[in-house]
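Hi,

Here is the structure I promised to pass on. Have a look, and my notes follow below.

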Amino acid sequence: MADSTQLHNGPIPSTTSPGTQITVASTDLEHLFDPKNVDFLVSRFGGVKGLLKELHVDPERGLDVEEANAEARQDVELGNGENILSPAKRRALFGANRLPGVKPKSIFQLMLDAFKDKILILLSVAAVVSLAVGLFQDFGPTAKDNGEPKTHWIEGVAIIIAVVIVVLTGSINDWQKEKQFRKLNDKKDERQIKVIRTGQTQLISVFDLVVGDICLLEPGDVPPADGVLIQGTQVRCDESAATGESDAVRKEVSDPFLLSGSKVLEGVGKFVVCAVGTNSFFGRTMMGLRTPQEETPLQVKLDALAERIAKIGATIALSILVILLVKYCITVALREGFGSDCEVDECAAEAIARLVSVIVTSITIVVVAVPEGLPLAVTLSLAYGTTRMLKDNNLVRVLSACETMGGATTVCSDKTGTLTQNRMTVVAGTLALTLSFSGDEEIAHLKDALLPGTDSPATADKISRSTLLDLVAEGAAINSTVFEGKNDKTGALEFVGSKTETALLDWIVKWTPSGAYKTYRGASYIQTVANFPFSSERKCMAVVLKIDNTQHPHAKPYAKSFYRVYVKGASEIVLGFCSSAATLDFSTGSASFTRLDSSTIQQVNSTINSYAEQSLRTIGLAYRDLSEKEFDDVLRGFILPAFTEKQPDRDESEAVTSEAAMDNLAMKGCTLLGIVGIEDPLRPGVPEAVQDCKNAGVTVRMVTGDNIVTAKAIATKCGILTEGALAMEGSAFRVLSQDEMDRIIPSLKVLARSSPLDKQILVTRLKALGETVAVTGDGTNDGPALKAADVGFSMGIAGTEVAKEASSIVLMDDNFTSIVKAIMWGRAVNDAVKKFLQFQLTVNVTAVLITFISALSDGAESSALTATQLLWVNLIMDSLASLALATEAPTPDLLQRPPERKRDALISITMWKMILGQSIYQVTVAMILLYAGPSIFSFTNLAAAGGVTADYKNVLPPQNWPLQGPEWRIAIENERNVLRSIVFNTFVFMQVFNMINARRKDNQLNVFRNIITNHYLLFILPSIVVLQALIVQFGGVAFSTVPITGVHWAVCIIIGFLCMPWAIVVRLTPDSVLLPFIDLYKKIIESSRRKKAKKAEDVSAEEASFTSTETIAVPDTVNKPLVGSTKAAVVDPLHHIAIPMPTISAADVLQRRVKEGDEDDGESVVSEGSIYRALRGGRRVDSRWGVVRVAVTDGRLKDVAQGK
């Protein structure tokens, strides 16, 4: 039709013979889109009609639904003689509409990645050296067979085994994490799209889409494949993601191409799918831009913290290495000296063995000090949290949103579908000013109430009551985008589409004859001229019809035909479009029209308010009739001038579908038919969820398009609008100054009749006030607000694809209570990481201090905790503890405290208090056991030798001591080994009980609350105890342990348990005790920041030498495309990926910065096939769909070659 974008003329006639196959190649279809090529469409296919013919598809019928279910069949002969290929064959020819999954790393690759850790490599090298030296000592030429077991090699093997276990544990955790995230990504990409198959509109998965499918377009859709528009009205797309152009692109004959990944901003239409999956524009680009999952802000913070701790650990390790080596050299020099005779002197083998032992001890300190478990804890917590959140109907699209929700301070929520059930039902209304109805019974008898007895005849200023009934029903049936489809679960037919429109169709079905709405839609005397879809800015929708007066059942006093406009939308908006209203006169039995004077308008507004006070959404229904002459006068006198002024280059035939047509046909001169009230009941649990948010310190605000009376009524029911809170309309809010907004926003709880821009302004100002904002949205125009928020929630059921793409989390059930669950999970994730951080830092501090102090004081320069023992401890705190503490499920207690602010420290004062308190206890206990242990446990020989500080290999026994010679040394070594085993065992049990302490990061005393819900913890703690018992009793030389007695075990366990009562003492100690130390720490940090700021200023001063910006225009004579094929690419050296580039010519303008006085000005662009020298100093190429920027980082030139 001439007044909308119609790119074909009806069904494609059958010209193929049975058995004919599709001959078009996928490469031909790809050439239509990259770049968009209308000339190729015409020359190769003969236009849209020829394209449909070659694809063997009827644009009205679509693919056959039987073919969609006949995957095994290759071809099916249809009744019309045309051969239609099955979707299975089409997939074989043109590919499936899904991108091949990123090949996951195998467990062996992950093991290799884990082993690339520099510290583990150093430790492995040291272990190999230790093994080699041990083998040399035991089996070398200088080894002597004195009857003692050959055990020097065991420590090296034990360290290697421990490294293997650490690598295995880390890689298995990574493998499980990647597996979970792949499942989430598959879920994230799944969505439904409307297609026509067998002449019926239906919803199918985007993965089932094939070349030749006919897809329907609506505002907010994101085409999942490349296609060509075959019919549309006012279709405009945002192709900025594909072309870099921010202006909306109108789809018409000159540009009918729909690119996958673009966004439909307005209009309706349908298109034929031409390229899917990796053959589509979006698919090819995404294949080239695949990047690893980015780290979340918490991971970045913890990485930085881990790096700082590692530096401290490395400093301590280096110190102990130097000190022990100096001590060793001095001790040997003062004692026997170095020599070649191992019996008399310190020979080379012994020196190397001692050196390796010292190096291993130093490296192990670094291993223990580096808290590599912190990032692992975040990853595990996020993986666990996001997986469980999906069960709570939260699909996390952006990982950082999970942790951000933990600090949310305000939630700006939609009303419809989020706070309410989005089960719209017309429950009341008023037709023709006087006929009111309420409840299902009165609705069912509405026709009887409207047509009592004999219908009155129509006159010049009156209409019959049956005509009034037809106007209401016909308008609701035709001015709608709803279609009938099957329920996936029940198989029953139901209306699919906007809930408001569905409610209106359900309403007319109740009081009109069966199938009446289909009769209206399929009437031969009605021709659709223009559709104006619902717009959140206009808050209404309209349709323009051309009606054959000779066939219409209620003929008008016009010539052959006339035009009719149906309008529906927000009641007060539609009322503003009307100049008259239909009214019933029950005394005469006719319907007439009355002018809308102030009293009538007041009457209608009173009706609207009465419904709104009952929490009903009010919809106004109106229409307008125009004769052909009246329509032509409006078109030529108002629409065309306004249209040509705004779009002088457009064809005049498009004017009737323009905004000017909407303004002049639908938004003035209408007649009000009636007002209906639609009920959308509150979701169960919403008032309780709102109260939970209040208890959690989270403010809930309602931002809705409903009128203020309805909004206030709903908000009051929810508990959002309370005494002293403010409610206002968007029109009043948006005109406020910034200062006025900031003053009223704290008390603003309801923003009614708001536009998407109002929502975006509110979000922006809330963030400026320091709030962490979560926002819900379902429409295309909610995208900016969703992006502006800290966390955007889109609706999984009612949301458009644009809204989902802009959001961080998708609410799968569109339910507000799911947002509360997201807050709980966000807090649980943050708490889990901080609990683990509290535990690990305690282990770090304690282990490093014990190792450092004992190694310095030990007579044999060895640590109280050996390398293999420390690796076991490292395994406990890095992998097992992270699994146990990072998987704590959320509890209602999380909602009984205020949110943590953005600027809050990662480690709170309470956490520091527990870390330092437990460290003091554990180090003190370990030192007491180590140095007073010989007396406590009656190790008389060790005590007589001077304790652990004595060189047991060279110390002599006291006079008249029962044991002398080798027996004396063996006795000392045995008691020394028992004591060190007790110290090691006690240390591990202190960590076991402290892991329970770490379940709380506040000053609450009950650390056992909900412990039975943490199945990982309940399994891991006994496992550690069992493994520790095996290590102590049977670890032997590998772990440097010996079996200990039951009394010793009791001592170890009791001392470990005393961590818990000590924790109570620490928690009861006021936090203010640490404030002086915290202040000192802040001063040190501030001093460090000042130094960094000063360094940054120096760098900025140096960069200031680049003073001029020169724009170089390449002569027009050089105008060949530099990059135009799919093979061409620009290499991004930062990510090591090739980025496909769209066509650019050498005539394009390039900018570069030139350093003053620099003679080397470089070449910008030469000719095709030569090097594209990308600006001065270009070390980083940032390509976003064709917009190329090169960052200037130094004075060198960087050549970026094509296709490399």
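Buried here is under 20% relative accessible area, exposed is over 50%, and partly exposed is in between (1.4 Å probe, protein chains only). Strands (E, at least two residues) and helices (H or I, at least four) are DSSP runs numbered from the N terminus.

Before you go further: this is a predicted model, with local features needing pLDDT of at least 70 and side-chain atom pairs counting only at pLDDT 80 or more, while totals for chains, interfaces and linings use all residues. Residues are numbered from 1 along each chain as its sequence is written, and side-chain values use heavy atoms, with hydrogens and water left out.

Back to β16: it runs antiparallel to β17 (residues 493-496), joined by four bridges. Gly485 has Glu494 of β17 as its bridge partner.

Thr198 is in the loop between β4 (192-197) and β5 (200-205). Asn393 lies between α13 (373-391) and β11 (394-396), also in a loop, and counts as partly exposed because its relative accessibility is 26%.

Last, the helices: the axes (lines fitted to C-alpha atoms over the stretch in contact, angles from 0 to 180 degrees between N-to-C directions) of α35 (residues 965-997) and α38 (residues 1046-1057) come within 8 Å and cross at roughly 35°.

Cheers

How values were computed:
Pairing = 2+ DSSP bridges.
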